[in-house]
Amino acid sequence: MSIKIYTDGACSGNPGPGGWGAILHWQDQEKELSGGEDATTNNRMEMMAVIKGLEALKKKSTVTIYTDSKYVQQGSEEWLEGWKARGWKSASKQPVKNQDLWERIDSLLQQHSVTFVWVKGHSGHEMNERVDKLAVSAIPKR
């Protein structure tokens, strides 16, 4: 099955309360997911959107993830293998930030055939705008 997942994260302050949103689209069907945390960062919310989108899949799928986060795209496609090979250390020998979420993403990427597509945020891309609204609306109110 071929699925498109549109993802976004948002934070009110960074760090601060944050939200994530994901829209899964396959054939003529769509499912919206969102959630939030009281104390987090924008990058963690971007990652949670990908995690929750992939976790929602019931069987092995071919997935295209649309994200406006270069951190998530490059981390998944370029940096992850090196981090693992170095024992979760960055190229500068520092501990990898958000290792707990990167480990979850890594595990999920092994279960599906995943391609990432970067889209420019806040540029009128219809699905990115929709998923941004989901993420912002999921930010816990103080």
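So, Gly13: in this predicted model, Gly13 is partly exposed, with a relative accessible area of 43%. If you look for Gly13 in the structure, you'll find this glycine in the loop that joins β1, residues 2-11, to β2, residues 16-26.

Now let's move to helix α3. That helix spans residues 99-111, and Asp106 is part of it. Is Asp106 buried or exposed? Asp106 comes out as buried, because its relative accessible area is 12%, and the cut-off for buried is under 20%. Which residues does Asp106 touch, leaving aside those up to four places away in sequence? They are Leu80, Glu81 and Lys84.

My last stop is α4, residues 126-137. This helix has twelve residues and reaches 17 Å from its first C-alpha to its last, close to the 16 Å expected at 1.5 Å a residue. Let's go around it. The buried residues in α4 are Met127, Asn128, Val131, Asp132, Leu134 and Ala135. They sit on the same side of α4, because they cover an arc of only 160 degrees around the axis. As a reminder, an α-helix has 3.6 residues a turn, so residues three or four places apart point the same way.

How values were computed:
Residues are numbered from 1 along each chain as its sequence is written. This is a predicted model: local features need pLDDT of at least 70, side-chain atom pairs count only at pLDDT 80 or more; totals for chains, interfaces and linings use all residues. Side-chain values use heavy atoms; hydrogens and water are left out. Helices (H or I, at least four residues) and strands (E, at least two) are DSSP runs, numbered from the N terminus. Buried means under 20% relative accessible area, exposed over 50%, partly exposed in between (1.4 Å probe, protein chains only). Contact means heavy atoms within 4.5 Å. The expected span of a helix is 1.5 Å times one less than its number of residues. The arc is that of the directions from the helix axis to the C-beta atoms.
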